[in-house]
Amino acid sequence: MLLSRSKSLLGLDIGSSSVKVLELKETKTGYQLANFGVEPLPHETIVDSTIMNAPAVVAAIRKLISANQIKTKDVATSVSGHSVIIRKITLPLMTDEEIASNIQWEAEQYIPFDINEVNIDYQRLESTSDDQGSQDVLLVAVKKDMVNDYVAVINEAGLTPVVMDVDAFSVQNMYEVNYELQRGKVIALVNIGAGVININIVHNGNSVFTRDMSIGGNHLTEEIQKRFGVSFDEAEQLKINGSGDRKAEIEEIVENLSQAIALETQRSLDFFIATSSIGHISQVYLSGGCAKSPRLAETIQKQIGIPVEVVNPFNNIEISPNKFDMDYIRDVGPLCGVAVGLALRRVGDK
Ligand SMILES: Nc1ncnc2c1ncn2[C@@H]1O[C@H](COP(=O)(O)OP(=O)(O)OP(=O)(O)O)[C@@H](O)[C@H]1O
Ligand SMILES: [Mg+2]
């Protein structure tokens, strides 16, 4: 994080069910919400984190910009899913220049894609090992194709992407500004959206494990759609608002799929616990639209036996009730974890 108050960016989260824009203003004491909007995307605009219908994304961004009178052009955005590879690697002690010139070569052995097809980035980590001669570095590789697709829609909408982040790290940024750092404790940030679950396990402010899984709220909606022979949008309404005579059946579907999502989440957490010496996870912080489902939070807590709390991305952020509808903010809050994290980014951040 830069210490100087550098120029703020527009946080732009292009999710598969909706686009979110969010701007924060830095104040003497912290942050204030300056601008915010959510625009739904038609079903299957983005599939498996891949943009299938670019004009629909461009239209949604444009609509948000004009409806919210957004003037900021420089954008922080993020990607997630299987085109993003994040690995903690251990390197011999090197200067920043040495890392920069070696990282491509080092990365080659950890990245399952052709090294020429990915953009590589890295960040030094606080060392966890006792070995004085080595250092931990977080390696991030994102497929160029994917980056290019996101950059293209943002440019097409008249904006300039300046920072390209990863959803899991944006959620961590959002968490850090809103909650006290719990030294020594291991926490899991679990962001459950429509198409992807982003898991980020954090220890002393460092990300120690991340995993994205292609499962999310769409699976519940699609199951309801199939069972009742309704459109996706109708199924979405049934999922969120329930329906008199179909209530029990919908609840059963939500229950079963929540169980499946909880199991997938548990598998990732178990993998981390089995392969890491850092210690047990003391708390799960849930974000993403699915965190609004009380059944899901409950199921995850029961399944993995770790306390689950739904994150409030605006916990430490000042919101003027004169400017924003507080009920609406409370309602959509859980969807905004990534967008808040992105809006915290500044030009020139690493
Ligand atoms: N009240 C609710 N109860 C249950 N599910 C909900 C509720 N509100 C929203 N959702 C679900 O949350 C999901 C959208 O969440 P979110 O906005 O975090 O996803 P996204 O960012 O668009 O998608 P991605 O997975 O690509 O990141 C949808 O599947 C939606 O049905
Ligand atoms: Mg999302």
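This is a short exchange about how terms are applied to a predicted model.

Reader: What kind of model is this, and how are its residues, chains and ligands labelled?
Author: The model is predicted: local features need pLDDT of at least 70, side-chain atom pairs count only at pLDDT 80 or more, and totals for chains, interfaces and linings use all residues. Residues are numbered from 1 along each chain as its sequence is written, while chains are lettered from A and ligands numbered from 1 in the order in which they are written.

Reader: What makes domain 1 and domain 2 separate entries?
Author: Domain bounds come from an automatic or database domain assignment. For the protein chain that assignment gives domain 1 as 1-83 + 144-179 + 312-350 and domain 2 as 182-310. Their C-alpha centres are 22 Å apart.

Reader: How many residues of domain 1 are in contact with domain 2, and what counts as contact?
Author: Two residues are in contact if their C-beta atoms, placed from the backbone, lie within 7 Å. By that rule 22 residues of domain 1 are in contact with 23 residues of domain 2. On the domain 1 side, the elements giving two or more residues are helix H4 (167-178) and helix H10 (337-343); helices (H or I, at least four residues) and strands (E, at least two) are DSSP runs, numbered from the N terminus. H4 gives the most, with seven residues.

Reader: Which residues are closest to ligand 1, and what puts a residue in its shell?
Author: A residue is near a molecule or strand if its C-beta atom, placed from the backbone, lies within 6 Å of it. The shell around ligand 1 holds 21 residues, the closest being Gly15, Ser16, Gly193, Gly217 and Gly289. Helix H5 (217-228) and helix H6 (232-241) are the elements that give two or more residues to this shell. Each of domain 1 and domain 2 supplies at least three residues.

Reader: How do you know the class make-up of that shell?
Author: Ala, Val, Leu, Ile, Met, Phe, Trp, Tyr, Cys and Pro count as nonpolar, Asp, Glu, Lys and Arg as charged, and the others, Gly among them, as polar. The shell around ligand 1 then has five nonpolar, 13 polar and three charged residues.

Reader: Why is strand S2 called largely enclosed?
Author: A residue is buried if 20 or more other C-beta atoms lie within 10 Å of its own, exposed if 12 or fewer, and partly exposed in between, with C-beta atoms placed from the backbone. Seven of the nine residues of S2 (residues 18-26) are buried, so the rest of the structure largely encloses this strand.

Reader: What makes S2 a paired strand, and with which strands?
Author: Two strands pair if DSSP finds at least two bridges between them. S2 has four bridges to strand S1 (residues 10-14), in the antiparallel sense, and nine to strand S3 (residues 31-40), also antiparallel. Val21 in S2 is the bridge partner of Leu12, and Leu24 stands opposite Leu33 in S3.

Reader: Is strand S11 mostly covered or open, and which way do its residues point?
Author: Strand S11 (residues 186-192) is mostly covered, with seven of its seven residues buried. Val186, Ala188, Val190 and Ile192 point one way, and Ile187, Leu189 and Asn191 the other way. In a regular strand the side chains alternate between the two faces of the sheet.

Reader: Which residues touch the most other members of the largest nonpolar core?
Author: A nonpolar core is a set of buried Ala, Val, Leu, Ile, Met, Phe, Trp, Tyr and Cys residues joined through C-beta atoms within 7 Å. Of the 89 residues in the largest one, Ala188 and Leu286 touch the most other members.
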